[in-house]
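Please look over the sequence and the model, and then follow the points below, which are grouped by topic.

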Amino acid sequence: MVPVERPSHMLIWVRTGRARVLLDGGPEFSLAGGEGIWMPQSYRNRTLTITEPGTVAFPYWPDASVGAWALTKPTRFDVPDDWQDWLIQYFNLQVTPFTGHGYSPDGVADLLRGLGTRPTSPPRGGATAPSALLDPPTMPKAAGARAVAEELIRDPALDLTVKEWATRVPSSPRTLLREFLADTGLTFEQWRLRCRLTAAVEFLAAGYDVDQVAARVGFASRGGFRRAFQQQFGPTPHEFARELAARALAGGLTGRASAARQADKFVRLMRRDGAAAHAPDLLPAARTPLHATDSHVLSWMYRGSGYLDIGVRRYERLRGVATWIPAGAEHITGLRQDSISLPLGNASTADLQLTEPIQVQFPRAWDDYLMFCSISARTLLRPVDYDPARIIDLFAEQVAAQRALSVPMPTDPRGREAATDYLRRIGVSAGSTDFDLPADVHRAFHEQTGMTFARWRYAARMRVARDLLVGGAKPSAVAHRVGYAHLPTFSAAFTRFHGLSPREYQEREIGTA
């Protein structure tokens, strides 16, 4: 990572992973997930931020007036869960033309004011941190299982079945069970129990009573929690908490326990004083002015829904959908209430041939990586070898994976590679769509799909065209997107394949949708 310089204060929030913030000639601060640090304006040019692999850390440059009331030195703090989505959208408003009510500098001040800020000096020797008493379970590496594990780390009380988790990831129950066992050496049930007991130690160290801890980490009864805890540690939760207090271990709260304490403090403040600061219950709607850009822009919906208006045409943007917005097209991008989007990157007109928006769906397992892409694209907090064109390939790969679901794919590795490459290029890449395959690959292709490679390419183009028409694209635009220079040629090819003209097919499908 590289230094960050802006003419204002700086705030860094680590959503997941770990980061180090170094001051030139000064101390080093270590931040874990859920923690942040405030750097006053006088320190901004002396700061270097370094993140570990897999870390998502958001940098902010709040208005110079924020912090003038109190925070004049680097200050570390915990970010309660209910502020996290607010901060993600605040980043979006900071790096895009979006405007939204409710995102004034006062919001950052409210977040910082009274949220249990902590000393920024490195901890000295002495008491053992509570989390050291029980190592957290090993995180699975496979994308589906890791997405489940990360949600359980954030909220161990989630009580979904493996089948329900598989639907959310998405994956299959059998695959999830296999991934947990292969990557962690624990069954899913054993891993979840370990996760809950890790959290229980943290909450007991924070001073919560046994009943509160049992509910917070997902046990249905005090008795069940006590039995599981005793089996793991020997003493009961009550005895364990008493021992922690006697050994003065409760002084150094983990990020999760501290965040929980701050959330509880918020509730108490709100009950006593209605003016106390808290994160908004709903994120406000936002929109950009009518504008155009010199390059194509990729925008991703992290939460909720939004829309893209180009002329009289509206493109809906659902959760997980990434949309390429064409260069030179005057447009308005909008977000509905309680929705969040992030820019993932830009592409030049030389690198990407695009006249109409292109959309693709990313599953939840991609969330952290896509946030990392957004931060890298719009700030200097990025890998040293950052390649801005990587997002084009990433999008094209997801397009190919999505399109592969609607056409038969060969199992022969070379044939499958050629098929995937072709699906990736249709209407997205400026590269050639000419292929010169060996005879044995052609034979394997025909045996495994029932079609010659040439016939398969024709079928793939027609099925992509069908999906675009159902999405509301004009036949002339679809013709160009799937590689036809003239609408009559495309219409004839489409009619031969589907038995209906593009216009007739669109009217039938949209009319019955």
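The largest nonpolar core has 55 residues, and Phe58 and Trp324 are those with the most contacts inside it; a nonpolar core is a set of buried Ala, Val, Leu, Ile, Met, Phe, Trp, Tyr and Cys residues joined through side-chain atoms within 4.5 Å. Helix α1 (residues 84-95) gives the most to this core, with 6 residues, and a second, separate core of 32 residues includes Phe453, Trp456, Ala493 and Phe494. This is a predicted model, in which local features need pLDDT of at least 70 and side-chain atom pairs count only at pLDDT 80 or more, while totals for chains, interfaces and linings use all residues. Residues are numbered from 1 along each chain as its sequence is written, and side-chain values use heavy atoms, with hydrogens and water left out.

**The chain as a whole**

- The protein chain has 18 helices and 15 strands, where helices (H or I, at least four residues) and strands (E, at least two) are DSSP runs, numbered from the N terminus.
- Of the 513 residues in the protein chain, 47% are buried; buried means under 20% relative accessible area, exposed over 50%, and partly exposed in between (1.4 Å probe, protein chains only).
- Among contacts in the protein chain with a separation of 6 or more, 72% are between residues 24 or more positions apart, a contact being heavy atoms within 4.5 Å.

**Helices α12 and α13**

- Helix α12 (residues 390-403) packs with helix α13 (residues 413-425) at an angle of about 110°, and their axes are 8 Å apart; axes are lines fitted to C-alpha atoms, for helices over the stretch in contact, and angles run from 0 to 180 degrees between N-to-C directions.
- That angle makes α12 roughly perpendicular to α13, because angles of 65 to 115 degrees count as roughly perpendicular, those under 35 as roughly parallel, those over 145 as roughly antiparallel and the rest as oblique.
- On the α12 side, Ala396, Glu397, Val399, Ala400 and Arg403 meet Thr420, Leu423 and Arg424 of α13.
- The residues of the contact of α12 with α13 divide into 4 nonpolar, 1 polar and 3 charged, where Ala, Val, Leu, Ile, Met, Phe, Trp, Tyr, Cys and Pro count as nonpolar, Asp, Glu, Lys and Arg as charged, and the others, Gly among them, as polar.

**Helices α15 and α17**

- Helix α15 (residues 453-470) and helix α17 (residues 487-498) cross at roughly 100°, with axes that come within 10 Å, and that makes α15 roughly perpendicular to α17.
- Residues of α15 in the contact include Arg455, Tyr458 and Met462, and those of α17 include Phe490, Ala493 and Phe494.
- By class, the contact of α15 with α17 has 9 nonpolar, 1 polar and 4 charged residues.

**Individual residues**

- Glycine 224 lies in helix α8 (residues 222-233) and counts as buried, at 18% relative accessibility; its C-alpha atom is separated by 8.6 Å from that of alanine 214, 10 residues apart along the chain.
- Threonine 99, in the loop between α1 and α2 (105-112), is exposed, with a relative accessible area of 52%.
- Not counting residues up to four places away in sequence, threonine 99 touches Leu93, Ala285, Ala286 and Arg287, and the C-alpha atoms of threonine 99 and arginine 287, 188 residues apart along the chain, are separated by 5.8 Å.
- Aspartate 338, found in the loop between β13 (332-335) and β14 (340-347), is partly exposed, with a relative accessible area of 22%.
- Phi of aspartate 338 is near 65°, a positive value in a residue other than glycine.
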